[in-house]
Amino acid sequence: MSFLSDLLKKLKGKETVDYTHRYIGDDRASGTVKPDEQYVRVWLRSAKITEVRRWTKKFHAAVHAQFTYTDRDVGKQEVMAVVAPDKAFQEMDPKNLDRFIVVNQPLLGPIPYRGELGMDVALFSISAADLAKPYLNMLAGLTETASVAFLAQAKPFVDTIRTGAEALLGDDNQAELEIGLTRTDTNLRTGNILVARVEKGTLDPSKLRIDPTDFKLIDAEGKPVDGFPYMILGIEAHEHRDDYASIPEIRKGWDAVSRAGKQGDPVEKVKEHFAALRRIIWFSNDLIRADKSRIVKKFERELAGAGYDLAAPAEFAALESNRTFRPLRDASEILAPLSRPVAPAFETAAEAGGNVPPRRISMAELQAKMADLDIPDAELRQYFVTDLETSRPFSLAILPDPDRVEIAAPVDALEGAMVMSWAIGLCRLRRQRRFRRRRRRGDERLVLVSEGDSWYQFPLFLDDVIDQVMPDYNIWSVGAAGDTLQNMVLDNAEYLRALDKHRDDVKAFLFSGGGNDIVGEDEDGNSIIAQIVKPFEAGRPPEWYVDNEAFAAKLRLVDDCYRKVIQNVTAGHPGLPIVCHGYDHAIPGGFPGDERDPFWAKQDQWIGRPLREDLGITDHDLQREIVSLLINRLNELQKSLCGGNNSNGAFRNAWHVDVRGIVAGRWADELHPSDEGFKAVGDVFRDIIASALGRGDCS
């Protein structure tokens with residue numbers, strides 16, 4: 001029995017809970033889902049949280065769902081789903097606890113209904129403190145990738161989502177179960193199910209309705225129903241899957257057919273690929289039989305329009321007219337060579353000098369290794385790959401290596417992004433768990449809070465600034481590789497919640513930001529350095545290239561954000577030292593003799609290439625001078641704000657760490673020092689932090 005089932009059983013036993021549930025709404029729209037003839041889909045129509053007695057801070061709502069069913073051909077299936085704040089819910093303020101939440105979020109499917117469906121669905125209230133929200137968002141990302149629609153893709157993630165949900169939602173200090181549903185149907189009906197937590201005898205479901213515009217629970221007069229938490233789940237049945245082309249193995253099969261046609265390959269080659277596609281469709285466990293025939297015919301019509309006559313061969317004609325056909329038990333093994341996604345041309349840490357693991361491990365084993373705080377990051381590196389095309393400045397793209405971990409390689413950018421969020425989220429979680437373990441063991445090192453980009457949170461492959469300083473301090477880190485000032489300061493402000501959480505212990509706040517805003521990429525993936533530096537003109541000095549309105553506007557944004565950070569921290573934590581930095585003089589890549597060879601990025605991916613190809617600046621000395629000017633302007637701006645160690649600085653509790661010239665030639669890539677470079681930077685940080693703590697009133 002799962003932890004969710006156990007929680008729901010306990011809730012059901014409470015005297016104040018009417019744990020009955022029922023279909024409400026228009027019964028005429030209700031019907032029975034037909035086994036093997038229809039798909040089933042489950043929606044979270046809406047949810048509502050009311051008063052939470054013990055909380056005085058902001059909180060989030062989250063729904064966790066677990067579905068199980070028995071497929072006659074492949075055995076028991078399990079699908080997990082987590083709906084998190086950024087996906088559906090909004091933050092709730094204690095002054096407005098009655099706020100209604102509308103989501104209409106898919107929890108399951110569409111999947112083929114085989115005659116039985118078990119579901120455990122629960123509504124939780126989650127404390128907004130520490131890592132709850134980003135951890136929920138990570139789980140929700142995995143849900144979108146793996147567990148809603150495509151069963152074959154869900155399997156590698158089930159244990160991960162289960163473990164993550166249990167760790168977060170099973171913690172009484174962070175989560176409270178509001179209401180839930182547990183049931184198994186062998187005669188599943190369509191319609192909307194109300195699940196409400198109310199005192200017995202106070203609710204007459206027969207008088208309740210669902211607002212057709214927003215799924216809000218209303219009474220017979222159309223007024224909102226308040227006073228208790230509830231969920232409304234929608235059950236739908238469909239005879240067709242309109243998203244069939246998104247099923248990974250079908251998409252891959254059709255791409256092969258389409259590519260052969262576009263390349264002008266011989267007709268026999270196109271037929272060969274289409275025969276493989278037919279097999280994939282007919283052996284797919286994501287489709288019902290009647291729909292398989294429809295989908296094959298749609299593809300046939302598509303090809304007929306291109307001039308191909310691809311009528312089914314005799315063996316397929318018989319297969320597709322067989323009314324009693326069912327997929328074989330070992331269909332996935334038969335089709336493995338046809339349906340396995342082709343692994344991207346990733347380079348792994350092991351290939352770059354690490355140790356190759358002796359065997360392929362499961363996702364559950366990788367999860368366990370990531371959770372084991374005594375396993376060093378260096379040992380974990382061998383189980384991950386990097387995607388050169390997806391990595392961004394200050395944001396390394398990592399995901400489990402399909403050759404070393406039992407997980408299918410991502411088939412598109414969205415799926416890859418979700419897996420990367422999982423991997424990077426666990427890296428941050430490991431650091432936070434180490435902090436908690438130290439504190440539980442009575443560690444008396446001073447507590448710091450950090451927020452920043454990849455100089456503070458470089459996942460796995462480099463020992464960043466926080467790693468270097470960690471031996472001297474207990475650091476609660478909410479940094480994220482690739483974070484911009486816009487996200488850290490204006491959109492999210494997670495650092496303020498972290499400071500509030502550790503209000504009684506925190507002695508200083510470390511902040512790293514601005515690099516991604518100067519030499520990173522915009523939301524469309526375009527180089528920012530190509531937008532703030534003028535194109536090449538012969539005879540121009542380095543200063544000419546950066547004296548322009550675009551760069552000036554960037555500096556104004558940086559100034560505004562840093563002022564806001566300092567003012568916000570000072571308002572909530574008077575006198576708390578704030579320590580920031582402006583990076584070192586990065587060296588553009590791609591020049592003759594450049595020995596840097598990071599396996600997570602191209603040598604000149606972020607600075608050298610845009611300067612050369614976008615702006616026509618090919619002279620490497622000029623490139624270096626321009627980049628140095630950008631870094632100098634950023635540092636001088638920060639120094640004008642940091643009065644702790646600059647006499648003319650605007651804020652006496654702000655301290656600037658000047659690491660220009662410290663890294664020297666010890667760069668791992670264009671933007672990040674090597675471990676040795678970060679060690680030298682860390683030494684400078686330790687000196688400034690010590691000065692800040694000795695001077696402030698928080699020592």
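Visitor: How is the angle between two packed helices taken in this predicted model?
Guide: Axes are lines fitted to C-alpha atoms over the stretch in contact. The angle between their N-to-C directions runs from 0 to 180 degrees.

Visitor: Is α4 roughly parallel or roughly antiparallel to α5?
Guide: Helix α4 and helix α5 (residues 267-282) pack at an angle of about 170 degrees, their axes 9 Å apart. Angles over 145 degrees count as roughly antiparallel. Therefore α4 lies roughly antiparallel to α5.

Visitor: How many residues of the contact of α4 with α5 are nonpolar?
Guide: On the α4 side, the contact includes I250, W254 and V257. They meet a set in α5 that includes V270, F274 and L277. The contact also has three polar residues and one charged. The nonpolar residues number 10.

Visitor: Is α4 roughly parallel or roughly antiparallel to α6?
Guide: α4 (residues 248-262) and α6 (residues 289-305) pack at about 20 degrees, with axes 12 Å apart. Angles under 35 degrees count as roughly parallel. So α4 and α6 are roughly parallel.

Visitor: Which residues in α6 does α4 meet?
Guide: α4 passes α6 in a right-handed crossing. From α4 come I250, W254 and V257. Those three are among the buried residues of α4. Their partners in α6 are F299, E302 and L303.

Visitor: Which residue just after α4 takes a positive phi?
Guide: α4 has 15 residues and reaches 21 Å from first C-alpha to last. Just after α4 comes a phi of about 75 degrees. The residue is G264.

Note on methods:
Residues are numbered from 1 along each chain as its sequence is written. This is a predicted model: local features need pLDDT of at least 70, side-chain atom pairs count only at pLDDT 80 or more; totals for chains, interfaces and linings use all residues. Side-chain values use heavy atoms; hydrogens and water are left out. Helices (H or I, at least four residues) and strands (E, at least two) are DSSP runs, numbered from the N terminus. Angles under 35 degrees count as roughly parallel, over 145 as roughly antiparallel, 65 to 115 as roughly perpendicular and the rest as oblique. A crossing is left-handed if the near helix is turned anticlockwise from the far one by less than a right angle, and right-handed if clockwise. Contact means heavy atoms within 4.5 Å. The expected span of a helix is 1.5 Å times one less than its number of residues. Buried means under 20% relative accessible area, exposed over 50%, partly exposed in between (1.4 Å probe, protein chains only). Ala, Val, Leu, Ile, Met, Phe, Trp, Tyr, Cys and Pro count as nonpolar, Asp, Glu, Lys and Arg as charged, and the others, Gly among them, as polar.
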